[in-house]
Amino acid sequence: MAEAGIDYAAAFRALPGMVALLTPDLRYADANEYFQRLSGRTREELVGRHLFDVFPDNPGDPAATGARNLEASLRRVLATGERDTMALQRYDVESAQRPGEWEERYWSPVNAPVLGPDGQVVLLVHRVEEVTELIKARGGPEGGHTRVLEAELYTRARELQEVNERLREAHAREREVALALQEAMLPAPGPVGHHRAAVRYRPAIGSLNVCGDWYDLVDLPGDRIVVAVGDVVGHGLHAACVMGLLRSALSAASRVAEGPAQALEVLGLYARSVDGAENTTAVSACIDWDAHTLTYSSAGHPPPALLRADGTIAFLAQATDPPLGARPDHVARPQATTMFTEGDTLVLYTDGLIERRREDIDIGLARLAGALVHHRAAGPEDLADALLLELLPAGGATDDTALVIVRL
């Protein structure tokens, strides 16, 4: 395992701190020499074994919480893909030389994800610093005072962990309220005149980037509808409220504007007065079945996909402008029109469907195009389900996703 002349395996083994690699099912994939030495376990005693089989809680201490706290931290990293720094922990370790005897140990752990190409966690980096000697320090004229300070430090660390847990619970409750608000504000699935359409909303895992996406379908006079999707920057209750304001404003503007570009211009002017609406992206498309035309405009949003009846894909990217509120001065937004034939399918979506960390957007668009071609015979409902199943990460996406599919 070498790159640019660097032996990364040797570098890992020589790291001056305790570092172990864990699989998503919490088994040891590797541990550096420092980890082996201070934990009192050989590499053979670690690799392939479950973390808590090697280091269970002290069965003789009914108040032991080290294993439970560590597992909760690792599960958070797996769920969110974000680093988690733990408070100081007491986590006793069974003596390797004297089985059945437990040694009082104190640790300062940090857990971090290693992400694969699809943005999923493929490994966990578990780094710990042992601070047992610091906590148990004694001796000298200041020994008693030092012991009191260190006990105070440990107590404050435990209190900090409890505060963090309460904050996580509060965030979880906020997420539930935000999702309920989101569901209430998004239009219920239903027929679009006599045409077939499917809508989907999938929240992100955890509390990150949730509740900022929306979709809308607006009936217009004649055999016409406007389809729109948008994405508010931010998460939680505030993003859900901003989303509701912008969706309602665009819905109203679409009913009176001369086309999608003008509707987005109105929305952009309105967004300037809404705190948190800056840099929102949105795309709006007017479908005219009598003229067999699609007229569209985009405010910094990923391009809609037009799945032709012959199996080819066209991304509608000829009328893209910056996101809402990105320009200090008002400028007319571009608009483009393309023809469609009966049997074509229009797909609007938010970036959660295609984007992955550290991956070029063109890769995500190619992945979407391939999935559309593969499932081109499916109706809107089945196609929507297939896209979500195939394109969203198996463990859950880190960004929410809105999806609208209309059979033309």
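These questions and answers go through a predicted model of a protein chain, value by value.

Local features need pLDDT of at least 70, side-chain atom pairs count only at pLDDT 80 or more, and totals for chains, interfaces and linings use all residues. Residues are numbered from 1 along each chain as its sequence is written, and side-chain values use heavy atoms, with hydrogens and water left out.

Q: How many helices and strands does the protein chain have, and what makes a run count as one?
A: The chain has eleven helices and 21 strands. A helix is a DSSP run of H or I with at least four residues, a strand is a run of E with at least two, and both are numbered from the N terminus.

Q: Why is G66 called buried?
A: Buried means under 20% relative accessible area, exposed means over 50%, and partly exposed lies in between (1.4 Å probe, protein chains only). G66 has 1% relative accessibility, so it counts as buried. G66 lies in helix α5.

Q: What is G66 in contact with, leaving aside its neighbours within four places in sequence?
A: Contact means heavy atoms within 4.5 Å. G66 is in contact with D57, Q89, R90 and Y91. Its C-alpha is also 9.5 Å from that of Y106, 40 residues apart along the chain.

Q: What share of the protein chain counts as buried?
A: The share is 47% of the 408 residues. As for contacts with a separation of 6 or more, 63% of them are between residues 24 or more positions apart.

Q: Which residues of α9 are buried?
A: They are P260, A261, A263, L264, E265, L267, G268 and A271.

Q: How far does helix α11 reach, and which of its residues are buried?
A: Helix α11 (residues 380-391) reaches 16 Å from its first C-alpha to its last, close to the 16 Å expected. Its buried residues are P380, L383, A384, A386, L387, L388 and L391. They pack against β11 (197-202), β20 (345-349), α10 (361-374) and β21 (401-407). An α-helix has 3.6 residues a turn, so residues three or four places apart point the same way.

Q: What makes a space in the structure a cavity, and how many are found at 30 Å³ or more?
A: On a 1 Å grid over the protein atoms alone, a cavity is a set of points where a 1.4 Å probe fits but cannot get out. Lining residues have an atom within 4 Å of a point. Grid points are joined across faces, edges and corners, and a volume is the space filled by probe spheres set on the points. The search finds three cavities of 30 Å³ or more.

Q: What lines the largest cavity?
A: This cavity has a volume of about 190 Å³. It has 16 lining residues, and the closest to its centre are L70, Y91, W107, H126 and V128. By class, twelve are nonpolar, four are polar and none is charged. Ala, Val, Leu, Ile, Met, Phe, Trp, Tyr, Cys and Pro count as nonpolar, Asp, Glu, Lys and Arg as charged, and the others, Gly among them, as polar.

Q: How does the lining of the second largest cavity divide by class?
A: That lining has five nonpolar, three polar and six charged residues. The cavity has a volume of about 140 Å³. Of its 14 lining residues, the closest to its centre are R272, D329, H330, V331 and R333. Helix α9 gives the most to this lining, with four residues.

Q: Why does N279 count as partly exposed?
A: N279 has 41% relative accessibility, so it counts as partly exposed. N279 sits in the loop between α9 and β14 (281-288).

Q: What is the phi of N279 and of L26?
A: N279 has a positive phi of about 65°, although it is not a glycine. L26 also has a positive phi of about 65° and is not a glycine. Most residues other than glycine have a negative phi. L26 is buried, with a relative accessible area of 0%.

Key: 1 Å grid on protein atoms, 1.4 Å probe; cavity = no way out; pocket = protein on both sides within 12 Å on 5 of 7 lines; lining within 4 Å. Expected span 1.5 Å × (residues − 1).
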